[in-house]
Amino acid sequence: MSASDSASITVVRRFRGPARSGNGGYTAGRLATTLDGLAAGRPVTVTLRRPPPLDVEMVVADGAEHKAGIELRQGEHLVATAAVGSFESAAAAPVDVEAARAARSSYRGAREHPFPECFVCGPARERGDGLRLEPGSTEPGRTACLWVPDPSLSSSANPTIVASAFGWAALDCPGGWTSDIGSRPLVLGRMTASSEQPRVGRPHVVVGQLVREEGRKTFTATALYDEGRLVGRAEQTWIAVDPASFQGPT
């Protein structure tokens with residue numbers, strides 16, 4: 001794997017997670033798409049080494065030094081690495097559209113959210129600006145939510161298809177909310193994902209599954225369905241943090 005010549009990534013403020021850094025899933029998706037061979041359908045593992053900065057150009061470089069396909073750097077700081085990965089378990093089981101819609105009423109983030117401006121699940125975001133996913137509980141350790149991708153999320157190559165980074169973003173936060181993220185805030189540390197290009201304007205269901213918790217780490221899985229057909233899946237490692245260290249002026 002190699003990086004494209006002179007590749008760079010800038011995460012603009014719209015795509016923030018915490019107030020001062022990029023949404024983890026979106027940033028990971030942006031980096032994953034720069035890997036050669038991604039179209040072959042293999043999952044990619046992205047490891048975030050530090051909070052992705054906002055409105056700053058980051059350079060994509062060869063990742064051999066860190067035993068990765070590519071790495072993302074801000075000056076001397078290593079922000080993330082990406083390499084071809086693999087899944088540890090089967091995809092999270094599907095939930096039907098009506099059950100996902102009903103789960104919205106149990107979305108804890110609507111009442112208590114450590115990062116209320118999160119691009120993916122922040123209740124402070126307007127629809128069309130943020131994804132406004134509301135992953136509520138369907139049973140202990142499982143969440144589901146409805147996602148109808150907005151036209152602003154379309155791929156530049158095909159306006160009917162969602163750009164890959166937004167598929168990664170949608171697969172991010174529903175995993176975190178399978179844990180008690182309100183009282184024990186989490187940020188994304190690692191994500192392995194693959195996506196088959198969800199479609200603009202269609203109702204999709206995102207399902208989250210809690211796998212296990214070990215100390216500061218929480219392990220989850222998510223899956224994205226279109227009329228019951230699996231169109232994306234991910235596995236995540238989350239790190240418990242003090243949310244105050246990620247906040248800042250809006």
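What follows is a friendly conversation about how some labels in this predicted model were reached.

Colleague: Let's begin with Thr 178. Why is Thr 178 called buried?

Modeller: Its relative accessibility is 8%, and buried means under 20%. The value falls under that cut-off, so Thr 178 counts as buried. You will find this residue in the loop between α4 (173-176) and β8 (186-195).

Colleague: Which residues is Thr 178 in contact with, leaving aside its neighbours within four places in sequence?

Modeller: Arg 108, Gly 141, Arg 142, Thr 143, Gly 208, Gln 209, Leu 210 and Thr 220. Contact here means heavy atoms within 4.5 Å.

Colleague: And what makes the pair of Thr 178 and Gly 175 a polar contact?

Modeller: A polar atom of the Thr 178 side chain lies 2.6 Å from the backbone oxygen of Gly 175. The cut-off is 3.5 Å between N or O atoms, so 2.6 Å qualifies as a polar contact.

Colleague: Arg 142 was on that contact list. How do you know whether Arg 142 is buried or exposed?

Modeller: Its relative accessible area is 10%. Since buried means under 20%, Arg 142 is buried. Its side chain also meets that of Glu 139 in a salt bridge.

Colleague: Where does Arg 142 sit among the strands?

Modeller: It stands opposite Gln 209 in β9. Strand β7 (residues 142-147) is largely enclosed by the rest of the structure, because five of its six residues are buried.

Colleague: Why do you say that β7 pairs with β9?

Modeller: Two strands pair if there are at least two bridges between them. β7 and β9 (residues 204-214) have six, in the antiparallel sense, so they count as paired. In the hairpin of β6 and β7, with two residues between the strands, Gly 141 takes a positive phi near 80°.

Colleague: Back to salt bridges. How many are there?

Modeller: The count comes to 16. Glu 117 and Arg 13 form one of them, with their closest N and O atoms 3.8 Å apart. That pair links distant parts of the chain, 104 residues apart: Glu 117 is in the loop between α2 (97-103) and β6 (136-139), and Arg 13 in the loop between β1 (8-10) and α1.

Colleague: Why is Glu 117 called buried, but Arg 13 partly exposed?

Modeller: Glu 117 has 18% relative accessibility, which is under 20%, so the label is buried. Arg 13 has 25%, which lies between the 20% and 50% limits, so the label is partly exposed.

Colleague: One last topic, helix α1. What makes it mostly covered?

Modeller: Eight of the nine residues in α1 (residues 24-32) are buried, including Tyr 26, Leu 31 and Ala 32.

Technical notes:
Residues are numbered from 1 along each chain as its sequence is written. This is a predicted model: local features need pLDDT of at least 70, side-chain atom pairs count only at pLDDT 80 or more; totals for chains, interfaces and linings use all residues. Side-chain values use heavy atoms; hydrogens and water are left out. Helices (H or I, at least four residues) and strands (E, at least two) are DSSP runs, numbered from the N terminus. Buried means under 20% relative accessible area, exposed over 50%, partly exposed in between (1.4 Å probe, protein chains only). A polar contact is a pair of N or O atoms within 3.5 Å; within protein, one must be able to donate a hydrogen and the other to accept it, and residues adjacent in sequence count only if both atoms are side-chain atoms. A salt bridge is a side-chain nitrogen of Lys or Arg within 4 Å of a carboxyl oxygen of Asp or Glu.
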